[in-house]
Amino acid sequence: MASTSRRALDAQPPGTAPGTVPGKVLGTAKEPRLSARATATAEIYRSLRGDIVAMRRKPGEPIVEKHVAESFGVSRTPVREALLRLADDGLVEIFPQSGTFVARIPVNALPEAVVIRTSLECTAVRYAAVRAARSQIAALRANILLQQETMAAGDLDGFHEADEAFHSLISEIAGFPGLWSMAQQVKMQVDRYRRLTLPEPGRIPHVLAEHGGIVDAIAARDPAEAERLMTIHLGALLESVPNTQGANPFFFSGAQPDDASKTKKESTPS
């Protein structure tokens with residue numbers, strides 16, 4: 001009997017605990033499946049989030065779980081999990097028995113988001129004006145050229161991407177890239193609104209001029225001026241809210257606070 005037991009143990013795969021049935025190791029069978037689902041959820045979340053923020057999926061537009069699941073070749077479970085994350089972000093609204101829809105842009109949330117972003121980016125630009133190397137200033141100017149090229153080509157998506165890279169680069173030059181990461185977390189609704197303003201006549205040239213002034217202030221090692229220009233640049237986002245909302249009423253919810261302009265002026269750090 002003892003020799004039979006020894007032969008059975010010797011026949012087990014290396015690393016298998018004594019008495020364990022091969023292929024039945026507890027705690028491992030579900031791990032690959034759970035990992036695959038988490039990966040699918042993250043991919044679907046990023047894709048839908050990108051489409052919503054870029055306004056490729058418009059406010060009020062339905063999101064059909066079945067269609068999303070089919071497009072990604074997955075079950076509905078990771079789709080539902082991704083949609084719950086987007087609901088937490090305020091980007092979708094889920095109505096039981098009715099469906100899931102892209103959330104409208106909450107106008108009354110825009111001023112606070114701009115104030116938070118301004119605080120973060122003014123800190124970044126002050127440090128950038130002190131720390132920027134000549135090569136980094138050249139990188140900012142190269143980015144300005146890229147913005148000009150996308151403007152000339154009428155490439156609104158390309159301009160937005162170059163604009164994002166411009167602000168990200170300032171945080172990197174400052175030595176605090178996390179400031180831009182934090183700004184991105186609070187500016188999703190602002191980005192959706194901003195996408196609607198880009199086609200407005202004269203809007204992109206105005207943004208380009210503001211970017212150029214900020215770079216000049218950084219190159220001149222003038223942190224106070226760089227901060228002042230960044231405050232004006234970001235605060236200007238709120239100026240066209242009434243017109244943009246009026247032109248796209250279905251895309252927005254709520255109303256802009258009466259003291260939004262006051263909030264914008266008071267957002268300037270001392």
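Reader: Is F176 buried, exposed or partly exposed, and what is its relative accessible area?

Author: This is a predicted model, so read each value as computed. Buried means under 20% relative accessible area, and exposed means over 50%. F176 has 34%, so F176 is partly exposed.

Reader: How many aromatic pairs does a search of the whole structure find?

Author: The search finds 3. Take Y127 and F176 as one case. Their ring centres are 5.0 Å apart.

Reader: Why is the pair of Y127 and F176 called edge-to-face?

Author: Look at the angle between the planes. Over 60 degrees counts as edge-to-face. The planes of Y127 and F176 stand at 75 degrees, so this pair is edge-to-face.

Reader: Where in the chain do Y127 and F176 lie?

Author: Y127 is in helix α5, residues 110-131. F176 is in the loop between α7 and α8. Y127 has 35% relative accessibility and counts as partly exposed.

Reader: What are the distance and angle for Y193 and F252?

Author: The centres are 6.5 Å apart, with 70 degrees between the planes. This pair is edge-to-face. Y193 belongs to helix α9, and F252 to strand β5, 59 residues apart.

Reader: Are Y193 and F252 buried or exposed?

Author: Apply the cut-off for each residue. Y193 has a relative accessible area of 1%, so Y193 is buried. F252 has 3%, so F252 is buried.

Reader: Which charged ends sit over rings?

Author: Among them is that of R85, over the ring of Y45, 3.8 Å from its centre. The charged end of R104 sits over the ring of F250, 3.9 Å from its centre.

Terms used:
Residues are numbered from 1 along each chain as its sequence is written. This is a predicted model: local features need pLDDT of at least 70, side-chain atom pairs count only at pLDDT 80 or more; totals for chains, interfaces and linings use all residues. Side-chain values use heavy atoms; hydrogens and water are left out. Rings of Phe, Tyr and Trp (its six-membered ring) pair if their centres lie within 6.5 Å; planes under 30 degrees apart count as stacked, over 60 as edge-to-face and the rest as tilted. Helices (H or I, at least four residues) and strands (E, at least two) are DSSP runs, numbered from the N terminus. Buried means under 20% relative accessible area, exposed over 50%, partly exposed in between (1.4 Å probe, protein chains only). A charge sits over a ring if NZ of Lys or CZ of Arg is within 6 Å of the ring centre and within 35 degrees of the ring normal.
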